[in-house]
Amino acid sequence: MSSARVTSLLGRLTVSGLAPSRLVVGGSNAAVRGPSERASGGPGPAGSRGTRGGPGPAGSRGGPGPAGSRGGPGPAGSRGGPGPAGSRGGPGPAGSRGGPGPGQVLRTGPQDTSSGHVLRTGPQDTSSGQVLRTGPHLSVCLTRMSLFPGRLVRDGQERKAVICVEGNIASGKTTCLKYFGKTNNIEVLTEPVCKWKNVHGHNPLALMYQDPARWGITLQTYVQLTMLVNHLSCPSTSLKMMERSIFSAKHIFVENLFRSGRMPAVDYAVLTEWFDWITTNISIPVDLIVYLQTTPETCYQRLKHRCREEESAISLDYLESIHQLYEDWLVKRTYAALPAPVLVIPGDHDLQKMLQLYEENRNTIFSACSS
């Protein structure tokens, strides 16, 4: 993927605090800047934006210039031609803003000089990479590493082990996470259901169950975002256990909506494009998948017993469809690539038996993450 395409896609991350406030397309002189530093570079020719830090010739940010500068009229409204590091950008047709130039600063949201969160990306610049400053909602530092060429990965922190607990609705995931969550040095991240039920006063989860064809893409877009935030969170512990993953959100729940005819093909195509871009350009490591293999009948009985309002419309047929997709993906491995090895634990037993099974598999689970 070209640097310009990555820049374009990153500039569209404008939801729920993921909008980048500052993107520096790195050249040979690019560097990671601290939260209070301004971009620096040489002055640009007449018509260019000029540098932020120091004076430049006519047309720079600090003073007036001839026609075509920021302060006065220019030919057909053009922003100016290409300049050295610090210029607004490269040439474009009359009236256009031009393309990115060396050291260009592209603003895609309100300036945030307090965050200092950094993303490095771009396969073309191995010396410095490109820098994306994010807002406070995604408090994670990422950088390119040779292990994941061309992807965004965490910067300046040792990679922590990640376990994803997968399974049908009411398969026993919460019980499993609570059990291992009592162990020292493990951080547990449950599905952010509370967020799915309240997005500025709206409940997309309930809306999706009421009218999947209308609200499926709304919910699943937000699910994809919130699961990505969970994946990219930096725990203080050495191990993170997550309830489900961005992979099952796509391969199980989006897929089920589409196959059942309750998601239009265009919605499925859009979600697939997002998922493919995310998993291609962002490193989302998973060390182990723990699959709680629970029959749809058992899940249905548990679901009725816990009486959650938004689950009242879930049928046995729906649970059977979800179960079949999980079996095809994690057991038969005939559908979609696996992001990690899979440990299957039977989930139809009562609570005491399930706790016993979790304890019996403790060493298997933790050894898989330490290898």
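A: In this predicted model, helix 6 and helix 7 are roughly antiparallel to each other, because the angle between them is about 165° and angles over 145 degrees count as roughly antiparallel. Their axes lie 11 Å apart, with helix 7 covering residues 265-281. Helix 6 passes helix 7 in a left-handed crossing. On the side of helix 6, the contact is made by Ile246, Phe247, Lys250, His251, Val254, Glu255 and Phe258. Helix 7 contributes Ala265, Tyr268, Leu271, Thr272, Phe275, Ile278 and Thr279 to this contact. By class, these residues comprise 9 nonpolar, 3 polar and 2 charged.

Helix 6 also packs against helix 9, which spans residues 316-331. The axes of helix 6 and helix 9 come within 10 Å and cross at roughly 130°. This pair is therefore oblique, and its crossing is right-handed. Here helix 6 presents Phe247, Ser248, His251, Ile252, Phe253, Glu255, Asn256 and Arg259. They meet Tyr318, Ser321, Ile322, Leu325, Tyr326 and Trp329 of helix 9. The residues of this contact divide into 8 nonpolar, 4 polar and 2 charged. Phe247, His251 and Glu255 of helix 6 take part in the contact with helix 7 and also in the contact with helix 9.

A further packed pair is formed by helix 2 and helix 10. Their axes are 11 Å apart, at an angle of about 50°. Helix 2 and helix 10 are therefore oblique to each other, and they cross in a right-handed sense. Thr175, Cys176, Tyr179 and Phe180 of helix 2 touch Leu351, Leu355, Tyr358 and Glu359 of helix 10. Of the residues in this contact, 6 are nonpolar, 1 is polar and 1 is charged.

The largest pocket holds about 780 Å³ of space. Its lining consists of 38 residues, and those closest to the centre are Ala170, Lys173, Glu243, Arg306 and Arg308. Among the elements that give two or more residues to this lining are helix 2 (173-181), helix 6 (246-259) and helix 10 (351-360). Helix 3 (193-197), helix 4 (204-210), helix 5 (212-232) and helix 8 (296-306) likewise give two or more residues each. By class, the lining of the largest pocket has 17 nonpolar, 11 polar and 10 charged residues.

How values were computed
Residues numbered from 1 in each chain as written. Predicted model: local features only at pLDDT ≥ 70, side-chain atom pairs only at ≥ 80, totals over all residues. Heavy atoms only, no water. 1 Å grid on protein atoms, 1.4 Å probe; cavity = no way out; pocket = protein on both sides within 12 Å on 5 of 7 lines; lining within 4 Å. Points joined across faces, edges and corners; volume = space filled by probe spheres on them. Helix = DSSP H or I, 4+ residues; strand = E, 2+ residues; numbered from the N terminus. Nonpolar A, V, L, I, M, F, W, Y, C, P; charged D, E, K, R; others polar. Axes fitted to C-alpha atoms, helices over the stretch in contact; angles between N-to-C directions. Parallel < 35°, antiparallel > 145°, perpendicular 65-115°, else oblique. Left-handed = near helix turned anticlockwise from the far one by under 90°. Contact = heavy atoms within 4.5 Å.
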